[in-house]
Amino acid sequence: MIGLLKTGAGFWNPLVWVAAFFVTALAVYIIRSRGVKKYRPGTGQTMPFFSGNRPPEDGIKSGNMYWGFFEALKRYYKWMKRLHTGIVNDYVFMFVLVMVLLMAAVTLGGLL
Amino acid sequence: MKRSSESGMSVIVRTVTCVAAIPVIIFGLYVIMHGHLTPGGGFAGGAIIATMTALFIVAEGGDAADRLGRGMLLTAESAGLVLFALLGFLGLRTTFFYNFLANTGSIFGTQVPFGPNPGYLNTAGVIPLMNLVVGLEVFAALSLVVIFMFSYRKEEQ
Amino acid sequence: MSFIVEHGPALAIAVPLMAAFATPLISRAGGRLRELWAVLCLAATLVIVVMLSMDVLSSGVRVYALGASIPSLTSPGGFPIRIVLEVDAMSAMMGLISVSIALLVCIYSTQYMKKYQGLDKFYALLLMITSAMLGLVFTGDLFNMFVFLELLSVSSGALVAFYMGRGEPAEAAFKYVIISATGALMVLLAVCFLYGQYNLLSIGALAGVMQFTFLDKIALVLLVSAFALKCGAVPLHMWVSDAYGEAPVPVTAVLVVVSQASLYALFRVSFTLYGAMATISVIGWAMIILGILSMFIGVTLAMMQRDIKRLMAYHAISQTGYMLLGVGVGLAVIGDVGALSSYGMTAIEGGLFHVINHAMYKGLLFLTAGAIIYRTGTRDLNKLGGLAHAMPVTTCFFIIGMLSIAGLPPFNGFSSKIMIYESVFMFSPVLSIIAILVSILTLASFVKVFQSAFLGPKRREYKDVKEVPVAMLIAMGILAFFIILFGLLPDLAVQWLIEPAAKALLNQLNYVGVIV
Amino acid sequence: MISLPFLAVMVIISIGLSAVIFRRNLVKIVMGTSIIASAINLFLVSLGYREGGVAPIFTGAPRLEMVLPTPQALTLTSIVIDLAVTAMMLSFAIIIYRHYGSLDSRKRRLRE
């Protein structure tokens, strides 16, 4: 069968998926066309929903997004910023460190 | 201090540079041409000749870097590289980089006699030709490196 | 026809190299001619590589001894002394992807780079990168690998610093070249260790006589860490964001493939050269750990970026993690025949399939980022907005790339990711869950890019923005077409390209047998 | 296997690596990579050396013992590559100095 990809545990067939997608899209379209007809552009109905307030004038900036995510992982990001110094010496130091760790791993792996 | 960087060094240094130029270039050419017989070759010889460019700029001052013909050097660099690759392509009838001139009797094509010898120049096929074009390329490229580095220094002042 | 196939390995390297050397001379005759020359030479290289790959896939490994009296004479007098090029299915796959991306990028840059000075050097270096990539993936000789690695870092380092008007590109290039030089010197040191013991340089011959002494293990560590450095695995990734972020956009798209070529070298060394070592699974585990770290740290750092190119650079790191994870799982179980046949093989295939897919969708995403920069002149996501009104086609291409990198069906990213997920799940469920989580975070961060660059009302400062020129659209369109094609027919790609490549990696004796 | 040249090579490589990791001046970092390259070249040449061997260019050699030619070819190649890389790194250092007026690697600009 064309498009059938065996993945060891199961399979994946994009063509079947596309067919299913179109069937679902058709169903969605039918359900949507039976919906309420009171939609009017230009009124409050088309305003973006923004926590009950008017959205800011020039749109939402990318810096505003995922605030909660960054707030929750604040300590992780602080640590990451400390590691990423941008100094070329540290880059080479990391390289030497990885070499040493890998050497230790390979030597220990040989003993076990 | 300012004098040495702008308008070059003293008359003695400049004269000696001019005198030294001839033996240095001849020695460089010797190293290039004998690349297949003695240690050295295209890279070493080209670098020796390019030393002369650096010496010239140091002696004559930063302005001299602008007086050297960059366009010609750029052409020489590319031409050397293209000729080198072309020599590789010419061997394609058998394999890439095949030494198609060796032992054919034509130019650089004499067979090397067995045993110790004083070194026959007319041997080794395409290798001397490659040394020649590589020498041209290395001379031009290293001269350009020196020239461009000097011109940076000048703009900064 | 048979002439080209017979001399294919050498021609594929020599044609772009020759073209690179001739570019400064040809550009004297005019800019248009130079661009035509570069595109035509890359197209010719692509034709050569395609013909060579078809031959390799149908009739097995092809060797080429440079300067020999017949191309297949690799060991005159029974001693493998010649410089040998060796192309198996894995090399052919990597060669195909490198040349195709280079060609598309060249078409793209005929428009994108038009307004800059010094284009003869740009095209010469682009061709030289292509040649060096092909050399790296086609070579059968460890020292040659070092030479091509250095050629690669010199030529791409020079291109990273192409914008000389500012200081940041030079700084990024300085870091890149220092890092690459140190890594390549470690490769050379490893080559010294191996040569000192066996007096051999050819990979195939070395693999045949390898004793796995302590010095060999040091050499393995040096090689693996140097190639991991070059492919940008965390914690050796810091140069990636600098170099990718500051390079011109077409160069960035090529740099992605350059990292893939180093990834190839990593796989080649650990599978073909050291595949018979008893403790090779340690390296497999090291790859898994590097992969997991790359995936997670790459994507979390990408989420906080404001510069669109740095963001995509961190995603490149994160996607490299998937390939390392997939192939690492295969390498970790290489001694266990049952595990290898039940999921190890699929994991390797998934990792290699992801290499191809990554090159395509990452190339597309960088090119769309280039389209944004070309029209608006800024890389800052906070300043962008509302571009979908003016650039609908670019927006479509961006959506395709975004869905593909996030692993949403039916695009190609999903096909390779599901192979990785399912096979890694049988190895260790936790790793698979992390991989799925990283996919979600990838989607989240690209939604952020999409929202802030394309959605929203039309901005006043971008009212003159138009769709990008045709040459750029063609390059992006071809990539988008192949993304959808590989997404809809993944089985054909796996059957014709990936499975032979994975088998070539695993079947060490095939590679060795041709040399000795 | 372990003899004086090899120990010397390892010491020189460590000196070069420590220069790359701990020196702040960009030119000194470049010097560090050059030192590593020279050490590896020394390693290659000492690998090919055979006690009492003759140069490998004779057709009717007085003795059969010859110095290995391959490492010398490798050394030449690696010297050429090192020259190109060093010239390039120094050019970048020049550009950085022109733009920032400093060669300190810790006065960093790119980070995170």
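Helices and strands are DSSP runs, a helix having at least four residues and a strand at least two, and they are numbered from the N terminus. The legends below describe close-up views of a predicted model.

**View 1. Chain B as a chain of helices.**
From the N terminus on, the elements of chain B run α-α-α-α-α-α. The count for chain B is six helices and zero strands. The C-alpha trace of chain B spans about 60 × 30 × 20 Å along its principal axes. A compact globule of 157 residues would have a radius of gyration near 15 Å, but the value for chain B is 19 Å. Of the 157 residues in chain B, 37% are buried. Among contacts in chain B between residues at least 6 apart in sequence, 68% join residues at least 24 apart.

**View 2. Helices α2 and α3 of chain B.**
Two packed helices are described by the angle between their axes and the distance between the axes. In chain B, the axes of helix α2 (residues 11–33) and helix α3 (residues 42–60) come within 8 Å and cross at roughly 170°. Angles over 145 degrees count as roughly antiparallel, so α2(B) is roughly antiparallel to α3(B). On the α2(B) side the residues that meet α3(B) include V13(B), R14(B), T17(B), A21(B) and V24(B). On the α3(B) side they include G42(B), A44(B), I49(B), M52(B) and L55(B). Sorted by class, the contact of α2(B) with α3(B) has 15 nonpolar, six polar and two charged residues.

**View 3. I48 of chain B.**
I48(B) is placed in helix α3 of chain B. Is I48(B) buried or exposed? A residue is buried if 20 or more other C-beta atoms lie within 10 Å of its own; I48(B) has 23, so I48(B) is buried. Leaving aside neighbours within four places in sequence, I48(B) is in contact with V24(B), F27(B), G28(B) and V31(B). An α-helix has 3.6 residues a turn, so residues three or four places apart point the same way. I48(B) and F139(B) are 91 residues apart in sequence, and their C-alpha atoms are 7.9 Å apart in space.

**View 4. Two residues with positive phi.**
Most residues other than glycine have a negative phi, and most peptide bonds are trans. Y66(A) is not a glycine, yet has a positive phi of about 55°. Y66(A) is in the loop between α1 (14–33) and α2 (67–72) of chain A. With 18 other C-beta atoms within 10 Å, Y66(A) is partly exposed. F97(B), also a residue other than glycine, has a positive phi near 65°. The loop between α5 (70–90) and α6 (126–156) of chain B holds F97(B). F97(B) has 22 C-beta neighbours inside 10 Å and counts as buried.

**View 5. Two cis peptide bonds in chain C.**
V234(C) and P235(C) are joined by a cis peptide bond, with omega about 5°. P235(C) is found in the loop between α9 (214–231) and α10 (238–246) of chain C. Another cis peptide bond, with omega also about 5°, joins P409(C) and P410(C). P410(C) lies in the loop between α15 (392–405) and α16 (412–427) of chain C.

**View 6. Helix α11 of chain C.**
How far apart should the ends of the 25 residues of α11(C) be? At 1.5 Å a residue, helix α11 (residues 249–273) of chain C should span 36 Å, and its end C-alpha atoms are 36 Å apart, which agrees. In α11(C), 25 of the 25 residues are buried, so α11(C) is largely enclosed by the rest of the structure.

**View 7. Where chain A touches chain C.**
Among the five pairs of chains that touch, chains A and C have the most contacts between them. This contact takes 36 residues from chain A and 51 residues from chain C. On the side of chain A that touches chain C, the elements giving two or more residues are α1, α3 (74–83) and α4 (88–111) of chain A. α4(A) gives the most to that side, with 13 residues. As for chain A and chain B, no contact joins them, and their closest C-alpha atoms lie 23 Å apart.

Key
Residues numbered from 1 in each chain as written. Chains lettered and ligands numbered in written order. Predicted model: local features only at pLDDT ≥ 70, side-chain atom pairs only at ≥ 80, totals over all residues. Expected span 1.5 Å × (residues − 1). Buried ≥ 20, exposed ≤ 12 C-beta atoms within 10 Å, placed from the backbone. Contact = placed C-beta atoms within 7 Å. Rg over C-alpha atoms; globule rule 2.2 N^0.38 Å. Axes fitted to C-alpha atoms, helices over the stretch in contact; angles between N-to-C directions. Parallel < 35°, antiparallel > 145°, perpendicular 65-115°, else oblique. Nonpolar A, V, L, I, M, F, W, Y, C, P; charged D, E, K, R; others polar.
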